[in-house]
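Hello,

Here is the structure you were going to receive from me.

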Amino acid sequence: MQWSLFLLLLMGQCSFFMCHLHEYHFVEEKKNWTEAQQYCREHHTDLATVSDMTDMERLRDSAQNQDGAWIGLYSDPERNKRGMWHWQWSLPGLESRYRESRWHKGQPNNYRSTNEKCVLMDNHTWKDVRCCSYHKCICYDERRQSNKRFHLIEDKMSWPQAQNYCREHHTDLVSGDQQLEDNEFKREYKSNKYVWIGLFRDSWRWSDGSSFSFRYRGPQFNDDSGSERCAVTMLNDGGRWRDENCDEKKPFFCYGDKVIPTNESETSEDALYYCGEN
């Protein structure tokens, strides 16, 4: 859930009266993606942005028993042709922070332009490979399960399958320097040669310019299409996303900013908890 705090300065002291919530609005009228984007910007804030599974669950619960509906994610084929990619982490909030020194010599190389968009760890160094190859993975748990935060999954899966598995059974694929430097992670990795980690690249962008790396791909989500594509959330299939021609007519989700006043005067930490709980 996306929260922020409005800070008011009163007589030199900090008082915190307001929670800021991104609120979803389902629009049944069918429009193509561009028309839907224009409608959302005129009547709300923009087409829906989804930052994590909490957002996804809120969006999914707001319109039941529907077929596909547009969200704000789109892919520009011209960016693909010009190689305008950026590496990002599967775990939300770590999109652009990674250490170049972790790459294996000569990597990343997108070998023979074969769409090597996902990253394997090989003896604690990184290699870019095709996401459809099958390997073990390591999942991360925000809260310990069985006294463990990192879990080596022996079943070999593609990168999207590994991401889905980790999100359904744990928190996400292992992501970020802090996790990769954790001694518990190093013990779990041991001598396993190839494992998926949460680093990937794609050309998909959010309509409102957000950099959120969260993707809820279904099996029909195609990263490699050479034409312009837009993302649809399939509410009759658990909300999984797939890509479709942007000219198709569909209902859609907008989001708007909602400010909730409170009667509390809190520290910044207390205010954050208050907004999250209420």
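Cys40 and Cys254 form a disulfide, with their sulfur atoms 2.0 Å apart; a disulfide here is a pair of cysteine sulfur atoms within 2.5 Å. The link of Cys40 and Cys254 is left-handed, with -75° about the S-S bond. Cys40 sits in helix α1 (residues 33–43) and Cys254 in strand β17 (residues 250–261), so this pair ties together parts that are 214 residues apart in sequence. Helices (H or I, at least four residues) and strands (E, at least two) are DSSP runs, numbered from the N terminus. Cys40 is buried at a relative accessible area of 0%, and Cys254 is buried with a value of 0%. Buried means under 20% relative accessible area, exposed over 50%, and partly exposed in between (1.4 Å probe, protein chains only).

Before the rest, some points on how to read this. The model is predicted: local features need pLDDT of at least 70, side-chain atom pairs count only at pLDDT 80 or more, and totals for chains, interfaces and linings use all residues. Residues are numbered from 1 along each chain as its sequence is written, and side-chain values use heavy atoms, with hydrogens and water left out.

The other disulfides

A search of the whole structure finds four disulfides. One of them joins Cys139 and Cys166, whose sulfur atoms are 2.0 Å apart. The link of Cys139 and Cys166 is left-handed, with -75° about the S-S bond. Cys139 belongs to strand β10 (residues 135–145) and Cys166 to helix α4 (residues 159–169), so the parts tied together are 27 residues apart in sequence. Cys139 counts as buried, at 0% relative accessibility, and Cys166 is buried with a relative accessible area of 0%.

Another disulfide joins Cys230 to Cys246, S to S 2.1 Å. The torsion about the S-S bond of Cys230 and Cys246 is about 100°, so this disulfide is right-handed. Cys230 lies in strand β15 (residues 229–234) and Cys246 in the loop between β16 (241–245) and β17, so the pair ties together parts 16 residues apart in sequence. Both Cys230 and Cys246 are buried.

Cysteines without a partner

The closest cysteine sulfur to that of Cys132 is in Cys131, at 7.5 Å, which is too far for a bond. Cys132 is partly exposed, with a relative accessible area of 48%. Cys137 is in no disulfide either; the nearest cysteine sulfur is that of Cys166, 4.1 Å away. Cys137 counts as buried, at 0% relative accessibility.

The chain as a whole

The chain has seven helices and 17 strands. Of its 278 residues, 48% count as buried. The accessible surface comes to about 14,500 Å², and 44% of it belongs to carbon and sulfur atoms (Shrake-Rupley method, 1.4 Å probe; for residues, only the protein chains shown count as cover). Among contacts with a separation of 6 or more, 71% are between residues 24 or more positions apart, where a contact means heavy atoms within 4.5 Å.

Confidence

The mean pLDDT of the chain is 80, and 74% of its residues reach 70 or more; pLDDT is the predictor's confidence in each residue, from 0 to 100. Confidence is highest in α1, at 97, and lowest in strand β2 (residues 8–10), at a mean of 27. Over residues 1–16 the pLDDT is below 50, and this stretch has 50 contacts in the model beyond near neighbours in sequence.

Regards
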